[in-house]
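This report goes with the model shown below. Please keep the structure in view while reading.

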Amino acid sequence: MNDNIITYSSQDIPSSLFKAIVVPRPIGWVSSKNEQGIQNLAPFSYFNVVGDDPFTIMLSFTRKHLDSAHKDTLVNIETTKYFVINMVTFDLYHQMNSTATSIPNTESEFSKFNIPYTMSTHGDVQMVANSPIHLECTYFRSVDLPSYDATITNRMVLGVVNMVHINKHILDVNGNLDYRKCPLIARVGYGDYLTLHPDNFFHSKKP
Ligand SMILES: Cc1cc2nc3c(=O)[nH]c(=O)nc-3n(C[C@H](O)[C@H](O)[C@H](O)COP(=O)(O)O)c2cc1C
């Protein structure tokens with residue numbers, strides 16, 4: 001037995017500590033639309049790419065939304081089957097954070113927070129105009145995840161990336177993403193974020 005090691009069983013580990021361990025998490029700022037045509041926008045850091053050819057992404061939903069069991073984004077994706085991931089740069093942080101508040105599904109975050117938008121190519125979904133990268137996605141499948149609280153649904157959604165729109169001004173002369181022009185942000189623990197910057201990168205050659 002090593003006195004330096006603290007061991008938690010999964011139910012006991014502080015959630016804030018666990019979320020500080022698995023970092024950084026990219027932020028998928030997801031726009032979607034409900035069956036009544038109301039546009040929705042909310043951020044999710046349980047977001048990542050999980051497959052390629054075709055690129056496939058996951059989003060995961062936890063806890064409740066107001067009085068309903070599911071967050072609007074989850075309901076919208078499962079019913080209308082189309083959504084957009086807007087990548088978040090440093091200058092968009094405040095807007096992104098404001099859209100994490102729960103508002104009724106009869107109201108759109110785009111109008112409530114005056115967020116400029118353009119339209120997606122398919123699916124009639126609004127996209128954040130000032131986000132330099134948009135991933136248009138088609139719903140693929142949902143997977144129910146374990147939950148210690150029977151009243152809470154934890155569910156992962158998989159989507160296939162249909163189309164990627166990139167503002168050419170964030171690319172360098174070789175067509176590569178230039179993070180100086182596109183400082184994407186990501187979640188680390190305890191309410192902190194990091195900004196991607198090449199000064200913090202190191203380069204590795206494949207073995
Ligand atoms: C940076 C950030 C990351 C978040 N990540 C998640 C997440 O991965 N899963 C989740 O269920 N909620 C997450 N939230 C909370 C949702 O954004 C919030 O519940 C939002 O109101 C959901 O909106 P909706 O009901 O319109 O979908 C996150 C909030 C912030 C600020």
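## Basis

The model is predicted: local features need pLDDT of at least 70, side-chain atom pairs count only at pLDDT 80 or more, and totals for chains, interfaces and linings use all residues. Residues are numbered from 1 along each chain as its sequence is written.

Helices (H or I, at least four residues) and strands (E, at least two) are DSSP runs, numbered from the N terminus. Two strands are said to pair if DSSP finds at least two bridges between them.

## Seven-stranded sheet

An open sheet of seven strands has the order β3-β2-β6-β9-β10-β5-β4, with antiparallel pairing. Its edges are β3 and β4 (47–51); each has a single partner strand, so one side of each is left without a neighbour in the sheet. On average, neighbouring strands of this sheet are turned by 35 degrees against each other, direction ignored; axes are lines fitted to C-alpha atoms, for helices over the stretch in contact, and angles run from 0 to 180 degrees between N-to-C directions.

Several antiparallel pairings can be followed strand by strand. β6 and β9 are joined by five bridges, and V84 has E136 in β9 as its bridge partner. Between β9 and β10 there are twelve bridges, with L135 opposite V164 in β10. β5 and β10 share six bridges, and here T56 faces V160 in β10.

Helix α2 lies across β2, β3, β5, β6, β9 and β10 (154–166), and runs at about 55 degrees to β2.

## Three-stranded sheet

Three strands make up an open, antiparallel sheet in the order β1-β11-β12. The edge strands, β1 (25–26) and β12 (193–195), each pair on one side only. β1 pairs with β11 (residues 185–187) over two bridges in the antiparallel sense, and P26 stands opposite A186 in β11.

## Nonpolar core

A nonpolar core is a set of buried Ala, Val, Leu, Ile, Met, Phe, Trp, Tyr and Cys residues joined through C-beta atoms within 7 Å. A residue is buried if 20 or more other C-beta atoms lie within 10 Å of its own, exposed if 12 or fewer, and partly exposed in between; C-beta atoms are placed from the backbone. The largest core holds 29 residues, of which W29, V30, F83, V84, I85 and V88 touch the most other members. At least two residues of this core come from each of β2 (28–33), β3, β5, α2, β6 (82–87), β8 (126–128) and β9 (133–145). β6 gives the most, with five residues.

Residues are in contact if their C-beta atoms, placed from the backbone, lie within 7 Å. Neighbours within four places in sequence aside, V88 is in contact with I27, W29, M96, S131, L184 and I185.

## Ligand shell

The ligand is surrounded by 20 residues, the closest being A42, Y46, D72, T73 and A100; a residue is near a molecule if its C-beta atom, placed from the backbone, lies within 6 Å of it. The elements giving two or more residues to this shell are β3 (39–44), β5 (56–61) and α2 (72–80). β3 gives the most, with four residues.

The shell divides into seven nonpolar, nine polar and four charged residues. Ala, Val, Leu, Ile, Met, Phe, Trp, Tyr, Cys and Pro count as nonpolar, Asp, Glu, Lys and Arg as charged, and the others, Gly among them, as polar.

## T195

T195 lies in strand β12. This residue counts as partly exposed because T195 has 13 C-beta neighbours inside 10 Å. T195 and I185 are ten residues apart in sequence and 4.5 Å apart in space, C-alpha to C-alpha. Apart from neighbours within four places in sequence, T195 is in contact with F90, P183 and I185.

Notes
Two residues are in contact if their C-beta atoms, placed from the backbone, lie within 7 Å.
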